[in-house]
Amino acid sequence: MTRDDLFNINAGIVKGLIEVAAEVAPKAFILVISNPVNSTVPISAEVLKSKGVFNAQRLFGVTTLDIVRAETFVAEIVGKANPQELTVPVIGGHSGETIVPLFSKVTPSVTIPDDKYDALVNRVQFGGDEVVKAKDGAGSATLSMAYAGYRFAEKLLKAAAGAKGLVEPSYVYLPGVPGGKEIAEKTGVDFFSVPIELGPNGAEKAIDILGDITEKEKALLAAAVSGLKGNISKGVTFAHNPPQK
């Protein structure tokens, strides 16, 4: 089975599910975790638009696994026993070089040794490959993905119920989220993961953390945007012209 075959299968499943959701639960919060998220979220948006029920504040691409990995790997390097004591922003997309960890924005602040920086970035970006190798090709990330989905869903449910100050990065349609239009103009892409302030309406605000990033992070961002443009275009094209069975 080719990569395109896998894409068509997942994309077709997501498209079908969103078509049903648009009919029976048009105001639902929709959390897309099926890969490739960089493309399946644009597919979802196009389907919802075609049904006349698209609300960008209620559509989320779940990229939390990237944050979980970044927090875990940074904690290992800086000697933190509990990764949850760290907040490591990860922006961009949800595959390979589109994943951009911003170690300069970690809170509380940490110092990543220069000789470990590149390997750490690579491990965050390609942590999924590490899991596949560990399982000798017999599977991919499952438990960690389940935890990531739970973590995001729990925060969104709490925020929807009125809890304040809940923020989690998510891959969203920026022009439709307050604060997102400016970020879209900076990056040159409409779909992009940034920290999102969650609330009763879903994505209440997209938080711009692109200021004062390092030169290395700027280079990572440029590579991410280049990859995302193709991923987004592929999703939009599929939504309008799915392959014939």
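1. A nonpolar surface patch of about 290 Å² is formed by Ile-9, Ile-13 and Leu-17. Patches consist of residues with over 30% relative accessible area and no salt bridge, like charges being joined within 9 Å and nonpolar side chains (Val, Leu, Ile, Met, Phe, Trp, Tyr) within 5 Å. A salt bridge is a side-chain nitrogen of Lys or Arg within 4 Å of a carboxyl oxygen of Asp or Glu, and accessible areas come from the Shrake-Rupley method with a 1.4 Å probe, only the protein chains shown counting as cover for residues. Ile-13 belongs to helix H1 (residues 3-24); helices (H or I, at least four residues) and strands (E, at least two) are DSSP runs, numbered from the N terminus.

2. The model is predicted: local features need pLDDT of at least 70, side-chain atom pairs count only at pLDDT 80 or more, and totals for chains, interfaces and linings use all residues. Residues are numbered from 1 along each chain as its sequence is written, and side-chain values use heavy atoms, with hydrogens and water left out.

3. Asn-8 also lies in helix H1. With 30% relative accessibility, Asn-8 is partly exposed (buried means under 20% relative accessible area, exposed over 50%, partly exposed in between; 1.4 Å probe, protein chains only). Neighbours within four places in sequence aside, Asn-8 contacts Phe-238 and Pro-243, contact meaning heavy atoms within 4.5 Å. Asn-8 and Phe-238 are 230 residues apart in sequence, yet their C-alpha atoms are 8.3 Å apart.

4. Asn-35 and Pro-36 are joined by a cis peptide bond, with omega about 0°. Pro-36 sits in the loop between strand E1 (30-32) and H2. Asn-38 is part of helix H2 (residues 37-50) and is buried, at a relative accessible area of 2%. Beyond residues up to four places away in sequence, Asn-38 touches several residues, among them Gly-93, His-94, Tyr-171 and Asn-231.

5. A cis peptide bond also runs from Thr-107 to Pro-108, with omega near -10°. Pro-108 is in the loop between strand E4 (99-101) and helix H4 (114-125).

6. Asp-212 has a phi near 65°, a positive value in a residue other than glycine. Asp-212 occupies the loop between strand E7 (202-206) and helix H8 (215-240) and is exposed, at 77% relative accessibility.

7. UniProt lists residues 63-238 as "domain: Lactate/malate dehydrogenase C-terminal" in an unreviewed entry; its positions are given in the numbering used here, feature names are shortened, and annotations may be inferred rather than shown by experiment. Over residues 63-238 the chain is 48% helix and 15% strand, with the end C-alpha atoms 21 Å apart.
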